[in-house]
Amino acid sequence: GGGGWSGALPHLPQNVLTQQHLYSDGETEQVPVTPQPCPCCGLGWTVVRETCCGGLRSGDAYSPPDPPLTVVSSPHREWYGYHFPELIKIVAENHTYCRLAKLIGNRKELSEESLPMLEEVIMDSAKAQAILDASRSSMGMDISPIDLINIESFSNRVVSLAEYRKTLQDYLRSKMNQVAPNLATLIGEVVGARLISHAGSLTNLAKYPASTVQILGAEKALFRALKTKSNTPKYGLIFHSTFIGRAAAKNKGRISRYLANKCTIASRIDCFSDVLTSVFGVKLRDQVEERLAFYETGEAPRKNVDVMKEAASEAAEVTAKLKRKLEKKEKRKKKREKQALEALAAEGEEAEEREPAEKRIKTDQQVTDGEVVKKHKQKKQKLEEEGTESVSNGMQETPGKSKKQRRKLPAAEPTVITPGSKKKKKKHSSGAGEVSSP
């Protein structure tokens with residue numbers, strides 16, 4: 001009761017066998033099965049809810065998902081402890097314990113050959129030998145294959161969540177160093193990220209006064225105190241900082257007010273500076289440390305003016321170095337781009353030179369053919385123009401035979417010269433239009 005499908009699915013075949021009398025007709029043989037307890041059935045809904053909703057919330061979007069790790073690992077340790085209770089005393093960390101449980105499985109199968117693998121996981125040869133000795137003389141109960149399957153799935157879940165937590169922490173660290181290095185150096189990456197997330201942006205956080213930053217995250221307690229006319233809260237999200245935990249009870253309010261003041265300075269420097277450095281964050285953190293020492297021992301801290309002058313001089317040197325590095329990077333980038341363009345131009349020239357001679361000949365032929373066609377067109381246009389001019393002048397010219405037609409005429413047959421033929425020639429030459437019959 002209360003469990004979800006995620007916990008009941010691995011035991012579905014076992015449940016079907018235990019309830020087989022409801023599905024059989026009474027004539028078929030039933031398999032004798034002893035019902036086994038299902039410790040993971042009641043954990044399904046809790047695991048799913050915490051992994052989906054508890055890891056990353058809107059208010060603390062950058063906080064590491066600790067609740068799901070504790071929720072999944074604690075029942076896992078308890079369940080595997082029935083089989084190998086001595087392992088909990090040797091290994092205390094949840095992530096390492098789950099990796100070892102996944103590697104060992106059934107403790108009876110553990111031998112000398114698995115010692116190198118145990119040392120690789122736990123990074124300690126003495127503890128690996130202690131685990132091997134404890135497995136041989138363990139007081140735990142035997143475990144079924146179904147329970148081993150579920151324990152392995154739990155181990156995979158915890159290991160994957162722990163790896164995700166590490167990657168998220170690395171991402172958070174790199175992101176905060178890029179966005180707000182001074183705030184991260186002063187109060188930490190996690191608390192700084194929570195403040196930025198709660199404010200909405202770094203610009204909004206920089207606009208807040210120190211009194212607002214001090215109680216940021218404790219709005220409900222503030223309005224309840226104003227409504228009931230009781231004491232207002234002394235701190236909100238900055239309570240998770242190590243400075244407030246190290247202070248005495250009577251000094252917690254004072255150090256929270258001082259820390260909120262330094263957080264506003266750091267956030268404004270991060271928001272409105274052109275080149276981001278962590279110099280101011282280091283100096284502000286030193287000031288908070290000196291203030292803590294002043295509350296405990298009474299030693300007077302340095303003045304804020306002197307500290308800020310030192311920070312400004314150091315920050316100027318650091319920004320000059322960063323600008324030089326950026327200029328060098330830009331020059332290198334430009335050189336690379338120029339070299340790439342020159343290489344592309346050289347490749348294009350080589351490709352043009354390597355073109356086969358046939359293509360060039362074809363292009364030359366195409367050019368000559370085009371010129372010949374143009375010349376023929378020009379000749380035709382001239383002939384047409386001459387013909388139109390002759391018609392307009394009233395000159396009627398008999399169309400003469402072309403040279404090609406004259407060439408195609410058959411050769412004249414040899415004729416015998418007679419007196420009659422001479423007369424014909426004379427008459428024809430004289431221009432008579434009619435030829436007399438012989």
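Predicted model: local features only at pLDDT ≥ 70, side-chain atom pairs only at ≥ 80, totals over all residues.
Residues are numbered from 1 along each chain as its sequence is written, and side-chain values use heavy atoms, leaving out hydrogens and water.

**Stop one: Lys229.** Select the loop between α14 (219–228) and α15 to find Lys229; helices here are DSSP runs of H or I with at least four residues, numbered from the N terminus. Lys229 counts as exposed because its relative accessibility is 77%. Its phi is positive, near 60 degrees. Most residues other than glycine have a negative phi.

**Stop two: Met123.** Now go to the loop between α7 (115–122) and α8 (125–136), where Met123 sits. Phi of Met123 is also positive, near 60 degrees. With 69% relative accessibility, Met123 is exposed.

**Stop three: the core.** Next, select Leu183, Ile187, Leu205 and Leu259, which have the most contacts inside the largest nonpolar core, a set of 31 residues. Such a core joins buried Ala, Val, Leu, Ile, Met, Phe, Trp, Tyr and Cys residues through side-chain atoms within 4.5 Å. Elements giving two or more residues to this core include α9 (145–179), α16 (252–272) and α17 (279–297). Helix α16 supplies the largest share, six residues.

**Last stop: Arg324.** Finish in helix α18 (residues 304–353), the place of Arg324. Arg324 is exposed, at a relative accessible area of 55%.

Notes:
Buried < 20%, exposed > 50% of the residue type's maximum accessible area, 1.4 Å probe, protein only.
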